[in-house]
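Biologist: Please take me through this model label by label. I want each term set against its cut-off.

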Amino acid sequence: MIIPGFIVCIATFPGVIVHEFAHMLFCKIRKVPVIDVCFFRIGNPAGYVVHGQINDFTTAFLVSVGPFIINSVFCFLICLPAYTPFYAFGIKEPLSYFLLWLGISIGMHAFPSTQDAKNLWHHAKESAGRCNPLAIISFPLVILIYVVNILTFFWLDYLYGFAIGIGLPTLILSQI
Amino acid sequence: MINTTCQNCKRTIPLNDTFKVQETICCTDCLEQVVKGKQTGKQQPQIERQTDPTVCFNCKFDNGHQELEKIINLPVCKKCSDYFENRPFPVWIKLSLGIVIALVIFAFVYNFRFINSIYKIKAADKAFLIGDSERAYKLQAAAAELVPEEPGIGLVSSFYEGGYLLSRENYEGAIDIFNKCKSLNPELIDYFIKEALIGKAFNNKDYDAFLEYAMEIHNQYPNIPMHMASVASAYACKYAVTSDNQFKEKSLEYIGKAVQLAGNSEDFKTYEQRIKHRLHTKEIISGKEFSKRYPNGWKEP
């Protein structure tokens, strides 16, 4: 069964909001002017941040990869306490269901978009030419973002949400 | 503000209201006409909106003839530039973030008892495996208290408590507790109940019952040397009180089979010595008493 992307986006809208929030947060941290921001809308893209020119690779890296960090952390922190009673004792509570939906939705939108990857690639190329070690190290990551973006066709981004929201807590709880 | 002239209708208009169609500047009204004139076949000419560098693109502030600073090639006044650089998060975002953080903290605090319970259950399992049934049952009981909605934890706690009472030779107590948690694993619990019944029968000097239960366990698990030795022990008790040689022969028969299976197990050797001591002296003493009297073991003279 093929589910249209916009329906999945609506069902997981908190993830889009947090994704854009993370972009904006890192823009603010790195003093990049934010010209326009849309946290969620029904359309493509479902959200966006229009920011000013970025002049250094570290800033470009943080602004592009910010959602990956923030969404993943939020996903894990929200899902861990919600998943514990279910994992260990099969106890199902409405709050847990709500938090799991919230956490996994956020995790599903952790991956940087193709536009983020393009921005990062552009900066990585420029900075690598100036022998910026972070830019050189980041090349495989940029390639990975591209690959992941291709694999989103196979729902890899959504699988990632489940991996961080359910898989990681399972792994941690089994190690206690 | 910069004004310019539409090259089509010759009107003077603000630069922001004009377009550039392949080097031709035109106003909005003339745009369609100019585009049609430049069109070659199906190919559309390139259209570009003109930007006045002296008018802020955001608030339309007019800076006279002085150009404004640019952000991504768009003229921005000082006020808007400051706003973009320090753009605040919308109130609803802050509010939502606050609610989510509060929910996460609440969920962590509320569900901490589950994490704590898992930790205690795992520690209880470890304690039980190394034979520390007292610690096992105390940890498991604490875990059960933390998650009262899961009765299974309490059943395991009762099972560990039964094991603890069994190890303390409180057989009556162990039987009571084991009966309460039978639903956990009926076969396993039945086995432990029989072990407790053997202990109880031994303490009550009811050696017929001792033999009956020992034989039941042996029939259930025929290849376990300790269970064979238990039958041998029951026969030895019966020999000690009756002096009937057939019981002695039976005891020796079972202990002989058990020795073949047990190999060099230290625990088994002590048990074997106790049974042989019983057959030799016709004196029935407990394991504790035997260890106290013969700390270095007993050998048949």
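Modeller: Start with B:Lys238. Leaving aside neighbours within four places in sequence, B:Lys238 is in contact with B:Tyr207, B:Leu211 and B:Phe247. Contact means that the C-beta atoms of two residues, placed from the backbone, lie within 7 Å. This is a predicted model: local features need pLDDT of at least 70, side-chain atom pairs count only at pLDDT 80 or more, and totals for chains, interfaces and linings use all residues. Residues are numbered from 1 along each chain as its sequence is written, while chains are lettered from A and ligands numbered from 1 in the order in which they are written.

Biologist: Why is B:Lys238 called buried?

Modeller: Buried requires 20 or more other C-beta atoms within 10 Å of the residue's own; 12 or fewer makes it exposed, and anything in between is partly exposed. B:Lys238 has 20 other C-beta atoms within 10 Å, so it is buried.

Biologist: Where is B:Lys238 found?

Modeller: B:Lys238 sits in helix H9 (residues 225-242) of chain B. Helices are DSSP runs of H or I with at least four residues, strands are E runs of at least two, and both are numbered from the N terminus. The C-alpha atoms of B:Lys238 and B:Phe84 are separated by 97 Å, and the two residues are 154 apart along the chain.

Biologist: What makes B:Glu23 count as exposed?

Modeller: B:Glu23 has 9 C-beta neighbours inside 10 Å, so the exposed label applies. B:Glu23 lies in the loop between E3 and E4 of chain B. Its phi is positive, about 75°, although B:Glu23 is not a glycine.

Biologist: And why is B:Ile72 called exposed?

Modeller: B:Ile72 has 11 other C-beta atoms within 10 Å, so it is exposed too. B:Ile72 is in the loop between strand E6 (69-71) and strand E7 (74-76) of chain B. Phi of B:Ile72 is near 35°, a positive value in a residue other than glycine. Most residues other than glycine have a negative phi, and most peptide bonds are trans.

Biologist: How do you know whether the peptide bond from A:Asn44 to A:Pro45 is cis or trans?

Modeller: Omega is near 0°, and the bond is cis. A:Pro45 belongs to the loop between strand E1 (34-38) and strand E2 (48-51) of chain A.

Biologist: What makes E3(B) and E4(B) a pair?

Modeller: Two strands pair if DSSP finds at least two bridges between them. Four bridges join strand E3 (residues 18-21) of chain B to E4(B), and the two run antiparallel. One of the bridge partners in E4(B) is B:Ile25, which pairs with B:Lys20.

Biologist: Why are E4 and E5 of chain B said to stand at the edges?

Modeller: The open sheet has three strands in the order E4-E3-E5 (chain B), paired antiparallel. Strand E4 (24-27) and strand E5 (47-49) of chain B each have a single partner strand, so one side of each is left without a neighbour in the sheet.

Biologist: What makes the crossing of H3(A) and H3(B) left-handed?

Modeller: In a left-handed crossing the near helix is turned anticlockwise from the far one by less than a right angle; clockwise is right-handed. H3(A) passes H3(B) in the left-handed way. Axes are lines fitted to C-alpha atoms, for helices over the stretch in contact, and angles run from 0 to 180 degrees between N-to-C directions. Here the axes of helix H3 (residues 57-89) of chain A and H3(B) come within 9 Å and cross at roughly 35°.

Biologist: How do the residues of the contact of H3(A) with H3(B) divide into nonpolar, polar and charged?

Modeller: Nonpolar covers Ala, Val, Leu, Ile, Met, Phe, Trp, Tyr, Cys and Pro; charged covers Asp, Glu, Lys and Arg; the others, Gly among them, are polar. Residues of H3(A) including A:Leu77 and A:Phe89 meet residues of H3(B), among them B:Phe108 and B:Asn111. The contact holds 13 nonpolar, two polar and no charged residues.

Biologist: Which residues touch the most other members of the largest nonpolar core?

Modeller: A nonpolar core is a set of buried Ala, Val, Leu, Ile, Met, Phe, Trp, Tyr and Cys residues joined through C-beta atoms within 7 Å. The largest has 56 residues, and A:Cys75, A:Ile78, A:Cys79 and B:Val76 touch the most other members. H3(A) gives the most to this core, with 14 residues.
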